[in-house]
Amino acid sequence: QVQLVESGGGLVQAGGSLRLSCAASGDTSSISASGWYRQAPGKQREFVAAISSGGSTNYADSVKGRFTISRDNAKNTVYLQMNSLKPEDTAVYYCNAFTARTYWGQGTQVTVSS
């Protein structure tokens with residue numbers, strides 16, 4: 001079992017920055033990859049970024065060059081640094097972790113005002 005807790009969301013003006021954190025606990029040694037997804041009101045949940053246990057990263061086209069995913073293995077924490085935020089980035093952001101199954105956090109709200 002893996003538990004995930006996101007933090008760092010909030011309200012920011014367009015052009016601003018936020019850093020989201022996802023702290024994992026439980027059987028963290030079994031995590032092979034972690035990622036961030038987001039869901040805006042009335043829309044489906046969509047992929048944002050992912051990072052493998054080896055450090056390889058992947059990003060959605062909509063956030064490339066603006067968002068950076070990273071991990072601190074000593075703290076069992078994955079981060080999402082979000083720069084140059086746009087109103088269309090407004091969503092609930094969820095982190096996940098892949099083992100033999102996929103675990104999800106509870107989500108953290110990010111609101112970008114224009």
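## Pocket, sheet and salt bridges in a predicted model

The largest pocket holds about 190 Å³ of space. Of the 17 residues in the lining of this pocket, Thr-28, Ile-31, Arg-71, Asn-73 and Asn-76 are the closest to its centre. The structure described here is a predicted model.

Several strands take part in the lining of the largest pocket. At least two residues each come from strand E3 (18-26), E4, strand E7 (67-72), E8 and E9. The largest contribution is that of E9, which gives three residues. By type, the lining is made up of seven nonpolar, eight polar and two charged residues. In general, rolling a probe the size of a water molecule over the atoms shows where empty space is left.

### The four-stranded sheet

E3, E7 and E8 also belong to an open sheet of four strands, whose order is E1-E3-E8-E7 and whose pairing is antiparallel. Strand E1 (2-7) and E7 are the edge strands; each has a single partner strand, so one side of each has no neighbour in the sheet. On average, and with direction ignored, neighbouring strands of this sheet are turned by 15° against each other. As a general point, strands of a sheet pair through backbone hydrogen bonds, either parallel or antiparallel.

E8 pairs with E3 in the antiparallel sense over six bridges. In E8, Val-78 is the residue opposite Cys-22. The pairing of E8 with E7 is antiparallel and runs over six bridges. Here Leu-80 of E8 stands opposite Ile-69. E8 is mostly covered, with five of its six residues buried.

### Two residues with positive phi

The hairpin of E7 and E8 has four residues between its strands, and Asn-76 takes a positive phi near 50° there. Asn-76 is not a glycine, and its place is in the loop between E7 and E8. With a relative accessibility of 32%, Asn-76 counts as partly exposed. Asn-76 is also one of the residues closest to the centre of the largest pocket.

Ser-84 likewise is a residue other than glycine with a positive phi, near 50°. The loop between E8 and E9 contains Ser-84. Its relative accessible area is 42%, so Ser-84 is partly exposed. For context, most residues other than glycine have a negative phi.

### Salt bridges

There are four salt bridges in the structure. Side chains of opposite charge can pair when their charged atoms come close.

Arg-38 lies in strand E4 (residues 33-39), while Asp-89 lies in the loop between strand E8 (77-82) and strand E9 (91-98), so the pair ties together parts that are 51 residues apart in sequence. Both Arg-38 and Asp-89 are buried.

These contacts belong to a network of salt bridges that links Arg-38, Glu-46, Arg-66 and Asp-89.

How values were computed:
Residues are numbered from 1 along each chain as its sequence is written. This is a predicted model: local features need pLDDT of at least 70, side-chain atom pairs count only at pLDDT 80 or more; totals for chains, interfaces and linings use all residues. Side-chain values use heavy atoms; hydrogens and water are left out. A salt bridge is a side-chain nitrogen of Lys or Arg within 4 Å of a carboxyl oxygen of Asp or Glu. Buried means under 20% relative accessible area, exposed over 50%, partly exposed in between (1.4 Å probe, protein chains only). On a 1 Å grid over the protein atoms alone, a cavity is a set of points where a 1.4 Å probe fits but cannot get out, and a pocket is an open set with protein on both sides within 12 Å along at least five of seven lines; lining residues have an atom within 4 Å of a point. Grid points are joined across faces, edges and corners, and a volume is the space filled by probe spheres set on the points. Ala, Val, Leu, Ile, Met, Phe, Trp, Tyr, Cys and Pro count as nonpolar, Asp, Glu, Lys and Arg as charged, and the others, Gly among them, as polar. Two strands pair if DSSP finds at least two bridges between them. Axes are lines fitted to C-alpha atoms, for helices over the stretch in contact, and angles run from 0 to 180 degrees between N-to-C directions.
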